[in-house]
Amino acid sequence: MSEWRKSKRSHEGGIKVVKGNLYARIQWVDEISGKRKEKLRRVANRTEARKVIKEMVAELENHGEETLKSDKLTFANLAADYESKRLVEATFANGIKVSGKRSVQPSKSSLKPLREYFGRMLVRSIKSSDIEAYKAQRLKTQVEIKTRDGKIVRDRKISSINRELEHLRAIFNFAKDDGLIVKSPFEVKGKSLIVKTAENSRDRILSKDEEIRLLEACGPRTISYMRGGKEITKHDDGDSRGYLRALIMVAVDTGARRGELFKLQWKDVDLIDGTIKIQASNSKTEKTRVIGLTSRARNELQELWEQSIKSLAGSVFGIHSTIKNAWKTLCEIAEIEDLNFHDLRHSATTRMINAGIPHTEVMKITGHTQIITFLRYLNLSNESLIRSAGMLDAYLTNEDSQISNRQVFDSIN
């Protein structure tokens, strides 16, 4: 039997000299094609060669030849392969996602800085320390935000960097699943490269007074401005903002996510039973759920339906992309600062708990699947804090009374 076939059976390697350079070499026969194959890796000396041979043999036996062939794979090539195979539009069957992603663009956007930093690096050479260096660099890079008044420069949020790192981890997991690497650099014992506790959790909730002003801003108003040295006054009947009033009321009374409400169609609204259905294809958790409507939210939707063209396939709120500018204008009219649309979801969750609804039911309404995530949305208002203190007062007063009664009883006996 030839030497290379003996090597193939035992997966033993050898040392090869090519143009004066030393290489560690192993040989094997491809099980599908039956062709002889070999793998060479350049080494500095024979001692290193013997070590590298053992490593290559272990890779071949434990993970297959794909791992061996990927030692020249750059991150740019891996990212391109990942994008073409994983970052594709979702396919649904009977309302259930069977492949792809619901939101592709955010993932593709996060690939850009990753490509710029890791692009030319060999995938197998990237270590956890490289990822730490990337995170440090991103923290030093400020963000420019374009506004109508110019540009605003602010520090980059750790939450944004964590989203990028989550996509980076997904890319390495993709490579591992395909047998291109043996271990992901994120698999470091006793160390987490993605630290969620470092994120600043937002606890802004809508007060009742702010809600009144916000809803009033959706209605009729008088606009005054100066033109050519003259003051001009116009009346705005608020018809163009009618959908905003209904949107705000449904959001703060149901806790539905922004994207779920934007994609809501009239076929998903039952004005008789007073419910809305969030389709799995529009839900972040990819699960269908039904949410009950308050009487005021139902009335607003009824009025919106009467004003619509009455198409069940039509968008309830008529939103096709974003309400960023409309929301900013609305908050300016209502004189409300630092309020995001997503804060309405926080407000709804907090109000439901304050109303006495069990947290398990609230989680089903809001679509939360993890209690840890749910608690991030639960914010204590001043009213609930005062009520909690009052309940503790009542408990302590009752306990003091019981102690006093026991003392009297003991003295008698």
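In what order do the three strands of the open sheet lie, and is their pairing parallel or antiparallel?

Modeller: This is a predicted model, in which local features need a pLDDT of at least 70 and side-chain atom pairs count only at pLDDT 80 or more, whereas totals for chains, interfaces and linings use all residues. Residues are numbered from 1 along each chain as its sequence is written, and side-chain values use heavy atoms, with hydrogens and water left out.

The three strands of the open sheet follow the order S1-S2-S3, and their pairing is antiparallel (two strands pair if DSSP finds at least two bridges between them; strands are DSSP runs of E with at least two residues, helices runs of H or I with at least four, both numbered from the N terminus). Strand S1 (13-18) and strand S3 (36-43) are the edge strands, each pairing on one side only. From one strand to the next, the twist averages 35° (axes are lines fitted to C-alpha atoms, for helices over the stretch in contact, and angles run from 0 to 180 degrees between N-to-C directions). Six bridges join S1 to strand S2 (residues 21-29) in the antiparallel sense, and Val17 stands opposite Leu22 in S2. Helix H2 (residues 46-63) packs on the sheet and touches S1, S2 and S3 (contact means heavy atoms within 4.5 Å). The direction of H2 makes about 25° with that of S2.

Leu139 is partly exposed, at 40% relative accessibility (buried means under 20% relative accessible area, exposed over 50%, partly exposed in between, with a 1.4 Å probe and protein chains only). Leaving aside neighbours within four places in sequence, Leu139 is in contact with Arg156, Ile158 and Ile161. The C-alpha atoms of Leu139 and Asp155 are 7.4 Å apart in space, although 16 residues separate the two in sequence.

Charged pairs also join separate elements. The whole structure contains 17 salt bridges (a side-chain nitrogen of Lys or Arg within 4 Å of a carboxyl oxygen of Asp or Glu). One of them joins Glu260 to Arg289, at 2.8 Å from N to O. This pair links distant parts of the chain, since Glu260 belongs to helix H10 (residues 258-262) and Arg289 to strand S12 (residues 289-292), 29 residues apart. Glu260 is buried at 2% relative accessibility, as is Arg289 at 8%. Another bridge connects Glu300 with Arg245, with the closest N and O atoms 2.9 Å apart. Here Glu300 in helix H11 (residues 295-307) and Arg245 in helix H9 (residues 242-254) are 55 residues apart. Glu300 counts as buried at 13% relative accessibility, whereas Arg245 is partly exposed at 30%. Arg204 and Glu210 form a further bridge of 2.9 Å, N to O, and both residues are buried. A network of salt bridges links Lys208, Glu211, Asp253, Arg296 and Arg351.

Glu335 is not a glycine, yet has a positive phi of about 55°. Asp338, also not a glycine, has a positive phi of about 55°. Glu335 is exposed at 67% relative accessibility, and Asp338 is exposed at 53%.
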